[in-house]
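Please look over the structure below together with these notes.

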Amino acid sequence: MIRARALCCALFALSTILVAQAETLTTALSRRDSAAAAAWFEANPERVHSSAKARIERVLAGGADAAASEEELRFLAAVLEGRPTGRLIERVLGWGADEREVFRMLRGDLVSGALELDAALAEFEALGADALVLREVGAKAHAAYAENDFAAGLDIMRWVLREAERAEDPWTHAWSENWCGQVEWIRGELEAAAAHLERAAELEEVLGDDALRVRQYADLTRVSGSRGEVDVALGWADKAEQLARSMGSDESLCEALLVRAGMLVDLGEHERALELSLQLAPAEGDGPASGGTRVRVDMVTASALSDIGRFESALVFAKRALADAQTEAVARTMPMLVLEARLILGLLLGDLGRFDEGLRELDLAREFAAGRGDERALAWADKNEGWIAMAMGDRARASEALDAARAFGAKTGEEFLEGICALGVAEALVLGARSADDFDAERVDVLLARAEEIGRDLRDLEFRWRVAAVRGRAFSLRGDEASALAAFGRSVDDIERWRRRLASPALVAHALRARTDPYRGAAICAARLGRVDDALRYTELLHARVLFELRSGAGLGSAADPEARRGVDELRARIARLAFRAREGVASADERDELDAAEDQLDATLLAVEMAGNRRSATSAPASASLPWRDALARSDVDVVLDFLVGLHSTLVFTLDEGGARVVEVPLGAEDLDRRVRRLREPIERLQRGEIDLAHLDFDVRGARELYDLLLAPALPDALVPGALLGVLPDASLNSLPFEVLVSGGELAPYDPSRPFAHLADLRFVGDAYAISVLSSIAALSSGAGAGLERVCVVLPPAEVGVAYAALELATLRTAFGAERVVVIENATPADLERDAPRVAPNGVLHFTAHGVLDGASPARGHLVLGGAEPGTGAAQLAAWQVEALELDADLVVLSACHTGEGAWLPGEGLLGLTRAFFTAGASEVVASLWAVDDASTVAFMGAFYRALGKGASPASALRTARATTRAEVGTHPYLWGAWIARR
């Protein structure tokens, strides 16, 4: 998308320059006030030609007001006496009626093509109005440009440029220099483009047109960037900003800062670009930008947000960009903005899973481009459609759309477009196959070879890892596990290097969605080859290693030592600049070698930081490093760990205990597993939607037993005793399944309608036998070993929120811990929690009684409904993103509300949502729910849980006790007791 943005910026700048800017002199003209008119021209030198030309054209056109217009023209000639525009007016005033008629005919014939250029020039020159001739010939050049005949238009405009210089007409000279620069830019002649734009800027400085000079500097920034001249580009950006600030113009300053933000995005400094663009176009209010500039600001902001994985926020700006681009003023002067805004919005909607909306935007973009004969825009629309179809799982549609875009890229020499689409076609063919016979291996090899070549030329790590991933998948389909593992391993190494270079785990996680996942492929191949430690290592890279980097206090790619952090930042900046030059094809051989060396150095530095922080098991250790899970398990209270990895067609289950690491491969792929989990949850979700009542709530006993037989029975050690603590690392959809409800034995009794759920009484559930702790990563083994009872902080909502059991839960807590050790925060707002949450000291419990709301599409919007809002305005909300800002040091957080344990699972990130937010804030362990819980059963459950906790049980063991108590006292259906999990 970077190269698409650069191209569109050039087109938009050109169309802006070519728009006529008609102005009136208002009072000065109506009163024939020479002094006022002269002062206006002095203050607006860039408007002299455009204002006078509009009046000249009215005179030459004839008509009812020609006499009045001619009188006005004579007044202007007197005001502008001695200036080029004044001399032009005097010549036109000297024409007779015949000469004016000849001019009208010549102009019409020239623009319509009825008269050859050379003949027209000879006729025009005979009239003696040089500057006017130049503008008419420029119109012919513009007509050629509009018909995509850049070469003819450029030849004509070069003639205009030479004649303007000869005629000492600086305004036309500046305009024609700029026009030539823009067209040369589009043609890829960057050196020529830069020379023209620099000359235009010099002329505009003479003319005193600072606003246009800021725009020239902005264009020079982009052109220099396209030449790989990072320092030169940033120098032009500095000039643009300095001039704009000296002018005091918000619009010009916005233009200058916008081009700097674009450069920062291209250099991988997404956070800085985002900070800058948000200053230019805040989410609320108009901000300093207006018109087309605001559209471009919003598009840069959307791109920066999407580049760091904040797609929902990006969507807000992309939608506003399109709305503004469609306004009459912008659409008339810069129609191409509508096209780019639709392309960006369509792809963003696809990223968010709103496929129909995204494809509809792309169809409108395609219709817009087709109406203008814009094949390039059509190709980019095809590219975006292909990736949306890929995410939808429609491989045939993806292959067709991407292949069309690939062919255009190959024809026009647009390497990025050709390469990314060649890769996409190969990926669609391979991902859609279940065996080597299901895809054209020869064609896939050709496509991958071309994508790899382009990726190498562009020095693009994303190309490289994705090519290796598709190759790994193709080898795996052929049964060549060793070659597949080698290819997947190369892909993982490149992703980890890419992640370190970007310092943007969200972007990496997004890139892995709905595409070939080399981590899973490598783990499965390693397991099949008997390399269990390697398989486990690749599996762990998919778990929540980013979370534990954040919890360690260092963060991804940083170091506690300021000097080391500066070194990392400097390395990243050097790599970004060298990679930028390599992508633009201007890096020397020495610079490419320097880039390789710098990336190796960054890898070594960051790995040293990770290992020094004792986070080796949870972060991106190299393939040769050992995985010290045994030490972590020995230090924990967990007896056995079951670690899951879900692949396309099978699932790996690792067993980690004092006897070592073992792995079994289960013939249960992602789609089949998703179906089975949905089937277990479906009755509960129907109850929540009001489609059935509690008395008719069903339970898929067969499905729960089959999942136990497939996933747990082959992996659980025979010697595991009842009451043992089982650590479970779920993957993908297994995060929405409480393992406690899986059926391990027993039989259904006959159904008795008078005794709901009595037929389930004799079943044996996994939660009966074991206490279960859900782990985010192996690194979580050492956390959450048990909650102390020094202090309990209870957050209660007001009565109007409608949490009926809040008072009962508070009474239970006071009974279990003693009233003197319970701190209550009522009607809490996020600000209250920021102030009071740190009062929960180590060995403390933080308990929330509230309503929980899940937003699956945007986990950061999941929230607890608290109190504290003004009457009539609704209750205050504590969103996941606000939780992350809290400073907690609690051993245990209990979220007694609906849906608090749910969220969205992303590779490397783990489960995003409220539990992740509390971990980031400093909690060691979180008890949360996986569905909307029943009020009565929640009161009984929490009472039993806290009584057990008060007697010294660990959270997982206390949950086991509470499940048994609730099952006996309230009901045997898993809905009533199975929602609650302990996650660490």
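1. The model is predicted, so local features need pLDDT of at least 70 and side-chain atom pairs count only at pLDDT 80 or more, whereas totals for chains, interfaces and linings use all residues. Residues are numbered from 1 along each chain as its sequence is written, and side-chain values use heavy atoms, with hydrogens and water left out.

2. With a salt bridge taken as a side-chain nitrogen of Lys or Arg within 4 Å of a carboxyl oxygen of Asp or Glu, the count comes to 53 salt bridges. One of these joins Arg577 to Asp231, at 2.2 Å from N to O. Arg577 belongs to helix H32 (residues 562-583) and Asp231 to helix H14 (residues 230-247), so this pair ties together parts that are 346 residues apart in sequence; helices (H or I, at least four residues) and strands (E, at least two) are DSSP runs, numbered from the N terminus. Arg577 is partly exposed at a relative accessible area of 32%, while Asp231, at 57%, counts as exposed, where buried means under 20% relative accessible area, exposed over 50%, and partly exposed in between (1.4 Å probe, protein chains only).

3. A salt bridge also connects Glu427 with Arg466, at 3.3 Å from N to O. Glu427 sits in helix H24 (residues 415-431) and Arg466 in helix H26 (residues 461-477), 39 residues apart, and both Glu427 and Arg466 are buried.

4. Between Glu665 and Arg528, the closest N and O atoms of the salt bridge are 2.7 Å apart. Since Glu665 lies in strand E3 (residues 660-666) and Arg528 in helix H29 (residues 518-528), the pair ties together parts that are 137 residues apart in sequence. Glu665 is partly exposed, at 35%, and Arg528 is likewise partly exposed, at 40%.

5. Asp363, Arg366, Asp382, Glu385 and Arg397 are joined in a network of salt bridges.

6. Ten cavities of 30 Å³ or more are found in the whole structure, a cavity being a set of points, on a 1 Å grid over the protein atoms alone, where a 1.4 Å probe fits but cannot get out. The largest cavity holds about 120 Å³ of space, a volume being the space filled by probe spheres set on the points.

7. The largest cavity is lined by 15 residues, and Ala544, Ser776, Gly910, Leu911 and Arg983 lie nearest its centre; lining residues have an atom within 4 Å of a point. Strand E16 (910-913) and helix H41 (914-921) are the elements that give two or more residues to this lining, and H41 gives the most, with three residues.

Note on methods: 1 Å grid on protein atoms, 1.4 Å probe; cavity = no way out; pocket = protein on both sides within 12 Å on 5 of 7 lines; lining within 4 Å.
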